[in-house]
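Reader: I have a model open on my screen and I'd like to learn how to read it. Can you walk me through some features?

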Amino acid sequence: MSGTGTGVLIVGAGPTGLTMACELARRGVPFRIIDKAAGPSDKSKAFGIHARTMEVFENMGLIDSVLDEGNICNGFDIYDRGRALASLSFSSIESKYPYLLILAQSDTERVLNERLESYGAKVEREKELTHIDRGGETLVSHIRHSDGSEETIRSSYVSGCDGAHSSVRHILGFEFKGAPYPNYWLLADCNLDWEYPFHHLSAFIHPNGITAYFPLYKDRGRLMFELQDAPVTEEMPEPTLDDVKRLMAEREIKYKSLTDPNWLAYFKLHHRMVDRYADGRIFLSGDAAHIHSPMGGQGMNTGIQDAYNLAWKLALVLEGRGAYTLLDSYQAERLPVGKEVVSLTDKATRMAGTHNPILGAIRNKVLGVASRINAVQDRLLATLAQIEIHYKESPIVSERWYQPDTVEGYHGYRDDLSAGERVRDYSLKGRDGGIGTLYGLLKNGLHNLVLFTGGDPEDMELDELRKIHDAIAAKYEGVMAVHVIAGPRGVPEDFKHMSSVWTDGDLRMHKDFGAARASLYFVRPDGYVGFRNQPASHEDLDEYLVNIFV
């Protein structure tokens with residue numbers, strides 16, 4: 001038995017674990033990532049990448065790869081026995097990625113793995129976690145190899161990203177509260193030719209059960225049939241293509257051809273959740289912490305964002321720059337998100353699959369009416385796209401914000417961007433006349449301090465911005481970058497020597513952020529606002545930053 005040491009041991013090399021590994025590698029944090037499987041899965045599994053996750057992938061430098069390989073899905077249709085009941089267009093999603101990207105999980109894992117290997121790291125396969133000794137500040141994980149040999153890995157932290165049957169969760173003894181849904185479902189990935197929009201998600205309501213359709217590649221799609229008469233207490237035979245065709249006919253779903261299945265399976269759906277995401281130095285993310293119905297395609301996206309939230313915090317603490325209490329915010333921020341996802345997908349699954357004729361009629365009526373109300377559509381799509389997730393109640397999020405009433409154009413334009421919310425992308429003009437973007441500035445993996453001059457700054461305000469810029473740039477070099485966003489009047493001559501100065505010529509970004517006067521926004525590495533302050537004050541910012549940095 002051998003023993004080695006590292007900063008973080010990541011258990012599980014699915015999308016969640018690979019995201020964690022890439023984000024630690026990006027920041028130069030020592031880690032090891034293990035998986036008991038001999039190789040990556042070749043199954044499509046989860047395949048919907050939502051707008052918020054694409055924003056994450058842009059920040060990680062992966063967006064071109066996933067866009068090159070994925071297919072765009074731009075709508076969602078609901079049918080009742082073949083009759084169109086409701087239709088949603090994804091174009092109103094307030095993101096630069098207003099659609100669902102279809103990319104098989106196996107391909108998402110390959111893109112992440114290629115990025116991981118570009119950092120000089122790789123997944124260690126056929127290694128299974130069996131036990132963790134937790135007696136001191138260093139965790140000792142016992143690993144069994146496929147040949148029966150064993151080793152121990154010493155680490156400061158363990159990140160459990162090992163799926164629904166998580167070894168880490170079992171070792172912690174966490175209860176996985178919830179239950180299976182009562183009936184089996186049948187999954188079929190196959191070639192499909194039919195009259196319905198091919199690049200839309202579709203749901204077909206029928207008294208015998210709901211059928212869901214997801215576009216895959218070219219003329220391939222995934223069909224999922226709820227089997228009302230197949231309770232999960234029974235054993236099921238191997239499904240066949242004839243079973244799929246019989247269900248299509250029974251449920252009045254018209255098609256021309258259905259061929260070449262490469263995955264046919266009966267499966268169970270569960271909704272389960274832990275009641276905490278951490279125990280000391282051990283953390284759970286993704287399916288290890290929450291599993292639920294695939295309704296809405298939330299699972300993989302939620303796991304990726306779990307890891308994205310935790311990785312920068314672990315890195316900062318391991319580098320000795322972050323307060324240890326920073327790690328407590330992982331559970332505080334992500335546990336409510338997991339609960340909400342499990343609850344919403346459960347309600348949606350039960351509503352869509354109700355077999356009570358009275359409740360079904362009410363559901364159909366409500367869906368038909370609601371789908372024609374823009375505000376309802378926008379809210380639903382923002383939830384599906386995960387762009388409305390926020391951390392306003394987080395212990396490491398706060399604001400000191402005074403919105404003056406006297407500045408024209410800053411009221412009734414739109415709600416100000418509050419502390420705890422995600423930032424959107426904006427086009428900016430550089431000093432040399434070139435065009436940049438806010439997301440481009442945020443790709444550095446650091447915290448970013450955004451200083452707004454306001455539309456018509458006074459000399460006293462500019463003096464305070466100078467003071468903040470110079471103090472932060474000196475004190476937090478390597479962990480925080482400072483950017484000045486000027487209004488159409490530009491900046492004084494001495495500002496032009498600062499490293500990152502940009503112009504918001506039409507004041508759109510100023511107005512969306514509510515920056516009527518000189519203001520500051522502290523943006524975390526995960527793209528959420530940690531602190532906002534108007535009028536900008538060096539003292540206010542310093543008082544906040546002790547919550548983040550040592």
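This is a predicted model: local features need pLDDT of at least 70, side-chain atom pairs count only at pLDDT 80 or more; totals for chains, interfaces and linings use all residues.

Reader: Which residues have the most contacts inside the largest nonpolar core?

Author: A nonpolar core is a set of buried Ala, Val, Leu, Ile, Met, Phe, Trp, Tyr and Cys residues joined through side-chain atoms within 4.5 Å. Buried means under 20% relative accessible area, exposed over 50% and partly exposed in between, with a 1.4 Å probe and protein chains only. The largest core here has 127 residues, and Leu-24, Phe-31, Leu-116 and Leu-449 have the most contacts inside it. Helix α7 (residues 299–318) gives the most to this core, with 11 residues. Helices (H or I, at least four residues) and strands (E, at least two) are DSSP runs numbered from the N terminus. Beyond its neighbours within four places in sequence, Leu-24 is in contact (heavy atoms within 4.5 Å) with residues including Phe-31, Ala-311, Leu-314 and Ala-315.

Reader: Is Leu-326 buried or exposed?

Author: Buried, with a relative accessible area of 0%. Leu-326 sits in the loop between α7 and α8 (328–352). Lys-313 is 13 residues away from Leu-326 in sequence, yet their C-alpha atoms are 6.5 Å apart. Leaving aside neighbours within four places in sequence, Leu-326 is in contact with Trp-312, Ile-396 and Ile-548, among others.

Reader: And what does the side chain of His-50 reach?

Author: A polar contact is a pair of N or O atoms within 3.5 Å; within protein, one must be able to donate a hydrogen and the other to accept it, and residues adjacent in sequence count only if both atoms are side-chain atoms. The His-50 side chain reaches the backbone oxygen of Leu-384 at 3.3 Å. His-50 lies in the loop between β3 (48–49) and α2 (51–60) and counts as buried at 8% relative accessibility.

Reader: Now the sheet: which strands stand at the edges?

Author: Strands of a sheet pair through backbone hydrogen bonds, either parallel or antiparallel. Two strands pair if DSSP finds at least two bridges between them. This open sheet of 8 strands runs β22-β29-β28-β25-β26-β27-β23-β24, with mixed pairing. β22 (398–401) and β24 (435–437) are at the edges, each with a single partner strand, so one side of each has no neighbour in the sheet. β22 and β29 (residues 529–534) run parallel, joined by 4 bridges, and Glu-399 stands opposite Arg-532 in β29.

Reader: Where is the cis peptide bond?

Author: Most residues other than glycine have a negative phi, and most peptide bonds are trans. Here a cis bond joins Gln-534 and Pro-535, with omega about 0°; Pro-535 is in the loop between β29 and α14 (538–545). Asp-260, in strand β17 (residues 257–267), has a positive phi of about 50° though it is not a glycine.

Conventions
Residues are numbered from 1 along each chain as its sequence is written. Side-chain values use heavy atoms; hydrogens and water are left out.
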